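I worked through it by strand, helix and core.

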Amino acid sequence: MTTDELVNLHGVTVLRCTPDGPALDGERAALDLIGDAMGRGADVVAVPAERVAEEFFQLRSGVAGAVMQKFVNYRVRLAVVGDVSRHLGESAALRDFVRETNQGGHVWIVADHDELGERLRPAG
C-alpha cells in the first residue's frame, strides 16, 4: 500500500490520498482523514472517487451529509477527485447536489487534480 502524500497547490497544502486506502464511508472515516490532515498541516483532503463508498452518492443514505458536515465543522476542505459520471447519470438529485456543492468553497467534487488546482488558484 502506498501512502498518502502532501502536495502544495498554489500555496495550499493538500493531503492527496491514495486509491487503495480505507473507504470514505461515514463519520468515523471522515474523522480519521481530518485527523490525519490536521496532524500533517493540510488544509484540503483530496480523496479519489474510487475510495468513496457507494452510499456517499446515494443522498438518501445521509452519508454525504454526515461526512461533509464533519469536514465543515473542523474547517478542513474536502475534494472528491475522479470520475463520478456513473453516479451522476443515475440521479438528478445528485447532479443538483454536486452543482450546488461545487459552487461553495469547502467541499468539491472534481474530475482530476488539475481541476482541484484551478479551484485552489488565488483569484486575480
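In which strand is the place of Leu-15? I found Leu-15 in strand 2; strands (E, at least two residues) and helices (H or I, at least four) are DSSP runs, numbered from the N terminus.

Ground rules, before going on. I am reading a predicted model, in which local features need pLDDT of at least 70 and side-chain atom pairs count only at pLDDT 80 or more, while totals for chains, interfaces and linings use all residues. Residues are numbered from 1 along each chain as its sequence is written, and side-chain values use heavy atoms, with hydrogens and water left out.

**Entry: Leu-15**

I looked up its accessibility. Leu-15 has a relative accessible area of 0% and is therefore buried (buried is under 20%, exposed over 50%, partly exposed in between, with a 1.4 Å probe and protein chains only). I then listed its contacts, meaning heavy atoms within 4.5 Å. Leaving aside neighbours within four places in sequence, the contacts of Leu-15 include Leu-6, Leu-33, Ala-37, Ala-42 and Val-45. Ala-42 is 27 residues away along the chain, yet the two C-alpha atoms are separated by 5.8 Å.

I counted 5 strands in an open sheet, ordered 1-2-3-4-5, with mixed pairing; two strands pair if DSSP finds at least two bridges between them. Strand 1 (5–9) and strand 5 (107–110) are the edge strands, each pairing on one side only. On average, neighbouring strands are turned by 25° against each other, direction ignored. For such angles, axes are lines fitted to C-alpha atoms, for helices over the stretch in contact, and values run from 0 to 180 degrees between N-to-C directions.

I checked both ends of the sheet. Strand 1 and strand 2 run antiparallel and are joined by 5 bridges, and Leu-6 has Leu-15 as its bridge partner in strand 2. At the other end, strand 4 (residues 77–81) and strand 5 run parallel, with 4 bridges between them. Leu-78 stands opposite Val-107, and Ala-79 stands opposite Trp-108.

Which way do the residues of strand 5 point? I noted Val-107 and Ile-109 on one side, Trp-108 and Val-110 on the other, and all of them buried.

Helix 5 (residues 113–120) lies across strands 1, 2, 3, 4 and 5, and runs at about 145° to strand 5.

**Entry: positive phi**

His-10 has phi near 55° and sits in the hairpin of strand 1 and strand 2, which has 2 residues between the strands. At a relative accessible area of 35%, His-10 is partly exposed. Arg-75 has a positive phi of about 60° and lies in the loop between helix 2 and strand 4. Arg-75 counts as exposed because its relative accessibility is 72%.

**Entry: cores**

I took a nonpolar core as a set of buried Ala, Val, Leu, Ile, Met, Phe, Trp, Tyr and Cys residues joined through side-chain atoms within 4.5 Å. The largest has 28 residues, and Leu-24, Val-45, Val-47, Phe-56, Val-67 and Phe-71 have the most contacts inside it. Helix 1 (27–40), strand 3, helix 2 (63–73), strand 4, helix 4 (92–103) and strand 5 each give two or more residues to this core. Apart from it I found another core of 12 residues, among them Val-12, Ala-79, Val-81 and Val-110.

I followed up Phe-56. Not counting residues up to four places away in sequence, Phe-56 touches Val-63, Ala-64, Val-67, Val-80 and Ile-109.

How many aromatic pairs does a search of the whole structure find? I got 1. Phe-56 and Phe-57 pair edge-to-face, at 5.3 Å centre to centre and 75° between the planes. Rings of Phe, Tyr and Trp (its six-membered ring) pair with centres within 6.5 Å; planes under 30 degrees apart are stacked, over 60 edge-to-face, the rest tilted. Both Phe-56 and Phe-57 are buried.

His-87 is in helix 3 (residues 85–90) and touches Glu-54, Phe-57 and Leu-94, residues up to four places away in sequence not counted. Its relative accessible area is 10%, so I logged His-87 as buried.
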